[in-house]
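Please look over the sequence and the structure before reading on.

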Amino acid sequence: ENPGAAAVKRRGAAAVLLALLLVTGLGGYLRFSGLGWGLPWRYHVDENAFINAANAMRKAPRWNYLNPKWFYHPSLSIYAVCALSALYSLAAPLSLPKVHLLGRIYSAFWGTAAIPLLFLLGRRLYRPAAGLLAALFLAVAPIHVQQSHFFTPDTALGFFLILIMYC
């Protein structure tokens, strides 16, 4: 292969990677900024149910009591925040607003992780430019950014749905 063509290809791949990092950074900024909105008060109905279930599991007298007793939504988020809050409580005092914040960080994480994953899906199905455009649209999509600010399973579910489509 022509050495010049290989260099151009490498520069193109580096430019795509840089663009993806910038888009993911923008999406992460939008999702992680302002996660403490409304705390210590709780304004989102579903958040209360998730937080109360995770907090009850964490405060249970024995760790074998891992039943959220609330199954209207998938339970992975409840178990994850229960574990995160238990780990956090080993290092610092834990309050209900902090459990809320941990839940919102959990949602923001999955919302941000979906951005590069959607790029990979778009690149596989079409080409890198389509993947970048899809990632950019997801990074700034108002409803996805908003859902990433709530402790609900929506963003994690979205991530795993994209993962299923990619696999």
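Is Cys82 buried or exposed? Cys82 has a relative accessible area of 2%, and it is buried because that value is under the 20% cut-off. The model discussed here is a predicted one.

**Cysteines**

A disulfide is a covalent bond between the sulfur atoms of two cysteines. A search through the whole structure turns up zero disulfides.

**Overall make-up**

The protein contains seven helices and zero strands. Its pattern along the sequence is therefore written α-α-α-α-α-α-α. The C-alpha trace spans about 70 × 30 × 30 Å along the principal axes. The protein has 167 residues, of which 40% count as buried. Where contacts join residues at least 6 apart in sequence, 72% of them join residues at least 24 apart.

Two packed helices are described by the angle between their axes and the distance between the axes.

The crossing in which α4 passes α7 is left-handed. On the α4 side, the contact includes Tyr106, Ser107, Trp110 and Leu121. On the α7 side, the residues include Thr155, Phe159, Ile162, Met165 and Tyr166. Sorted by class, the contact of α4 with α7 holds 15 nonpolar, three polar and one charged residues.

From α4, the contact draws on Ala114, Ile115, Leu118, Phe119, Gly122 and Arg123. From α5, it draws on Pro128, Ala130, Gly131, Leu132, Ala134, Ala135, Leu138 and Ala139. The residues of the contact of α4 with α5 fall into 11 nonpolar, two polar and one charged.

The way α2 passes α4 is a right-handed crossing. Glu47, Asn48, Ile51 and Asn55 of α2 make the contact with Leu96, Val99, His100 and Arg104 of α4. In the contact of α2 with α4 there are three nonpolar, three polar and two charged residues.

**Two residues within α4**

Leu121 belongs to helix α4. Its relative accessibility is 7%, so Leu121 counts as buried. Which residues does Leu121 contact, leaving aside its neighbours within four places in sequence? They are Ile162, Met165 and Tyr166. From C-alpha to C-alpha, Leu121 and Thr155 are 17 Å apart in space, and they are 34 residues apart in sequence.

Ser107 is also in helix α4. With 1% relative accessibility, Ser107 counts as buried. Not counting residues up to four places away in sequence, Ser107 touches Gln147, Ser148, Phe150, Phe151, Thr152 and Thr155.

**Two residues in loops**

Tyr72 is placed in the loop between α2 (45-58) and α3 (76-91). Is Tyr72 buried or exposed? Its relative accessibility is 68%, so Tyr72 counts as exposed. Tyr72 and Phe50 are 22 residues apart in sequence, and their C-alpha atoms are 10.0 Å apart in space.

Pro40 sits in the loop between α1 (3-32) and α2. Most residues other than glycine have a negative phi, and most peptide bonds are trans. The peptide bond from Leu39 to Pro40 is cis, and its omega is near 15°.

Note on methods: Residues numbered from 1 in each chain as written. Predicted model: local features only at pLDDT ≥ 70, side-chain atom pairs only at ≥ 80, totals over all residues. Heavy atoms only, no water. Left-handed = near helix turned anticlockwise from the far one by under 90°. Helix = DSSP H or I, 4+ residues; strand = E, 2+ residues; numbered from the N terminus. Contact = heavy atoms within 4.5 Å. Nonpolar A, V, L, I, M, F, W, Y, C, P; charged D, E, K, R; others polar. Buried < 20%, exposed > 50% of the residue type's maximum accessible area, 1.4 Å probe, protein only. Disulfide = S-S within 2.5 Å.
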